Every structure is written in structure tokens, then in C-alpha cells.
Amino acid sequence: MSSAEVRVRVRRGFILGFVITALLFLMGLVHVGEAFALEYRVYGYVIYRSGEVVHVNYVPLYIYMWRVSSLLFLAWVLVYIAYVIKPSIVLDASGIIYGAFYIVTHYIYLFTIGAPVILYPFTYVLITIGKPLLYLDWGQVIAVITLWRFFVIRRSMTVK
């Protein structure tokens, strides 16, 4: 495959990634995103402010960002499952877009909860009421994989 053909396919993958990412953003910001809710919120939502849990009657920004990042994470996983089954540079390029936007929405989600967050390599600690909680930081994991796939695609675009 020539370098020009690779560039066209990469461009298609980026366009596909941007279009589907825009649709996932819209889904996460409207009531379709409530499909991820585990329970009906009779008492509203909570935010953390100055070490206290504050009940609010509106949907906080972090809930929207959690919904969007969850949808992007699912898209990212699905595109690379499809890529493993049948490698395609279009899928790989769209996976880069999903990964990049997942990273952004994941960290907006984390830092808008209001609880202190301490980042470590590939983990983070969320300090809420009670014992601090340690989590695997999927934002960093996906960042490494996305950078790796970006450089693989970039190298394939320069190979004749």
C-alpha cells in the first residue's frame, strides 16, 4: 500500500472517530446517557466541597463527563477488539481519536468531583469521606496505548 493510500485511510479513520465522538458527546449530555445510571436519583446528586458531601438538585458536570468518558471507553475497547479480529488502519486511526477524547473527559470527570485526587503512575487516589480509595488510572493506560498507536500510524504513513 502506498503512502498516499495510507494517508487517505488514516484521514477516513480520523473523520470517523470525530463523527462518532461527537455523537457520543451528545448521547452523554442528553437523557440517553441516563442509560448508564444504576438507580433512580430520588435525592439528587452529591458533590464534594471542602471535605463535605453536598447534595444538589441538578446534575453536576462530573456526571456528564463520566457518561461521555464511559461511552468513549466502550467505543475505544470495541474498536480495538475489531482491530484484533481484522486489522484496519481506519479502525486504528479512529481508536486514537476515541482514546484522546477519553483521556480529556476522564480527567475533567476526576477533577470536577470536588474530592481531592492524587495521581500516581497508572493509579490515582480519590480522597472522599472515610478511607482514601485507590483506582487504576485508565486515563494513563489509554494515553500510553494511544501514543503508541499514533506513532505506529505515523511511521506507516512515511514508509514507501
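What follows sets computed values against the definitions of the terms used.

This is a predicted model, in which local features need pLDDT of at least 70 and side-chain atom pairs count only at pLDDT 80 or more, whereas totals for chains, interfaces and linings use all residues. Residues are numbered from 1 along each chain as its sequence is written, and side-chain values use heavy atoms, with hydrogens and water left out.

Q: What pattern does the protein follow along the sequence?
A: The pattern is α-β-β-α-α-β-β-β-α, made up of 4 helices and 5 strands, where helices (H or I, at least four residues) and strands (E, at least two) are DSSP runs numbered from the N terminus. The C-alpha trace spans about 60 × 35 × 25 Å along its principal axes.

Q: Why is the pair of Arg-149 and Asp-92 called a salt bridge?
A: The term requires a side-chain nitrogen of Lys or Arg within 4 Å of a carboxyl oxygen of Asp or Glu, and the closest N and O atoms of Arg-149 and Asp-92 are 2.5 Å apart, so the pair qualifies. The pair links distant parts of the chain, with Arg-149 in helix 4 (residues 138-158) and Asp-92 in helix 3 (residues 89-112), 57 residues apart. The structure holds 1 salt bridge, and both of its residues, Arg-149 and Asp-92, are buried.

Q: Which residues is Thr-128 in contact with, leaving aside its neighbours within four places in sequence?
A: Contact means heavy atoms within 4.5 Å, and on that basis Thr-128 is in contact with Tyr-48, Ala-115 and Leu-133.

Q: Why are helix 1 and helix 2 called oblique to each other?
A: Angles under 35 degrees count as roughly parallel, over 145 as roughly antiparallel, 65 to 115 as roughly perpendicular and the rest as oblique. The axes of helix 1 (residues 3-29) and helix 2 (residues 61-85) come within 8 Å and cross at roughly 140 degrees, where axes are lines fitted to C-alpha atoms, for helices over the stretch in contact, and angles run from 0 to 180 degrees between N-to-C directions. Helix 1 and helix 2 are therefore oblique. Residues that meet there include Leu-24 and Phe-25 in helix 1, and Val-68 and Leu-71 in helix 2.

Q: What makes strand 3 and strand 5 the edges of the sheet?
A: Two strands pair if DSSP finds at least two bridges between them, and 3 strands form an open sheet in the order 3-4-5, with antiparallel pairing. Strand 3 (117-120) and strand 5 (133-136) each have a single partner strand, so one side of each is left without a neighbour in the sheet.

Conventions:
Buried < 20%, exposed > 50% of the residue type's maximum accessible area, 1.4 Å probe, protein only.
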